[in-house]
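Please find below a briefing on the structure shown here. It is arranged by topic for reading alongside the sequence.

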Amino acid sequence: MGSKVADLLYWKDTRTSGVVFTGLMVSLLCLLHFSIVSVAAHVALLLLCGTISLRVYRKVLQAVHRGDGANPFQAYLDVDLTLTREQTERLSQQIASHVISTATQLRHFFLVEDLVDSLKLALLFYILTFVGAVFNGLTLLILGVIALFTVPLLYRQHQAQIDQYVGLVTSQLSHIKAKIRAKIPGTGALASAAAAASGSKAKAE
């Protein structure tokens, strides 16, 4: 699944990526002007008109003795969609793992397990209040889809230069983060105590 998504985003198959990208953009642009109920109903109606027309066409061919009248979608109807017990248990475990991981992260941030991490999240939400005042959620989603289908391709083409700049930015952010931690009361002391404890443990070993 992950490799198929990567192939789409890297435009390995130009036709498939183009169809998916165009479909997503048309759907999102329609949502800018019409309600989601109207867009969903029109898409479903268009899909049904296409499948019914093809089914009737096969029946007409059978009537004029130019076909067997078989359902053109029979191969898809024959696909077994049931899950075995093992597959169901594995899927349930994966969902539960993701839920627990998300809950742990939320607890970490909102219950201030690490003051710096919580402050960074607060700053992010503060910035998003300004972003939300300029763009609505649908516009951000459209921009996100465009970025998904362009940024990976640009990164692959200019990987060396981008990695160099990302490394510089990461280094500066780490330096700023260290300064902030040093100025927060108690944080520097905890870091020193942790370093001392790990040092004494290494000596003991």
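**Helix packing and loop residues**

W11 is found in the loop between helix 1 (2-9) and helix 2, helices being DSSP runs of H or I with at least four residues, numbered from the N terminus. The model is predicted, so local features need pLDDT of at least 70 and side-chain atom pairs count only at pLDDT 80 or more, while totals for chains, interfaces and linings use all residues. Residues are numbered from 1 along each chain as its sequence is written, and side-chain values use heavy atoms, with hydrogens and water left out.

**Loop residues with positive phi**

- W11 is not a glycine, yet it has a positive phi of about 55°.
- With a relative accessible area of 23%, W11 is partly exposed; buried means under 20%, exposed over 50%, and partly exposed in between (1.4 Å probe, protein chains only).
- V112, in the loop between helix 5 (85-110) and helix 6 (115-134), also is a residue other than glycine with a positive phi, near 55°.
- V112 is partly exposed, at a relative accessible area of 44%.

**Packing of helix 2 against helix 7**

- Helix 2 (residues 14-33) and helix 7 (residues 137-157) have axes that come within 10 Å and cross at roughly 170°; axes are lines fitted to C-alpha atoms, for helices over the stretch in contact, with angles from 0 to 180 degrees between N-to-C directions.
- Helix 2 is therefore roughly antiparallel to helix 7, a term for angles over 145 degrees.
- Helix 2 contributes S17, V20, F21, L24, M25, L28, L29, L31 and L32 to the contact, and helix 7 contributes L138, T139, L141, I142, V145, I146 and F149; contact means heavy atoms within 4.5 Å.
- The residues of this contact comprise 14 nonpolar, two polar and no charged; Ala, Val, Leu, Ile, Met, Phe, Trp, Tyr, Cys and Pro count as nonpolar, Asp, Glu, Lys and Arg as charged, and the others, Gly among them, as polar.

**S17 in helix 2**

- S17 lies in helix 2 and counts as buried because its relative accessibility is 1%.
- Apart from neighbours within four places in sequence, S17 is in contact with D7, L8, W11, K12 and F149.

**Geometry of helix 7**

- Helix 7 has 21 residues and reaches 30 Å from its first C-alpha to its last, close to the 30 Å expected at 1.5 Å a residue; the expected span is 1.5 Å times one less than the number of residues.
- A kink of about 30° in helix 7 is centred on A147, the bend being the angle between axes fitted to the seven residues ending at a residue and the seven starting there.
- I142, V145, F149 and P152 of helix 7 are buried.

Technical notes: Helices (H or I, at least four residues) and strands (E, at least two) are DSSP runs, numbered from the N terminus. Angles under 35 degrees count as roughly parallel, over 145 as roughly antiparallel, 65 to 115 as roughly perpendicular and the rest as oblique.
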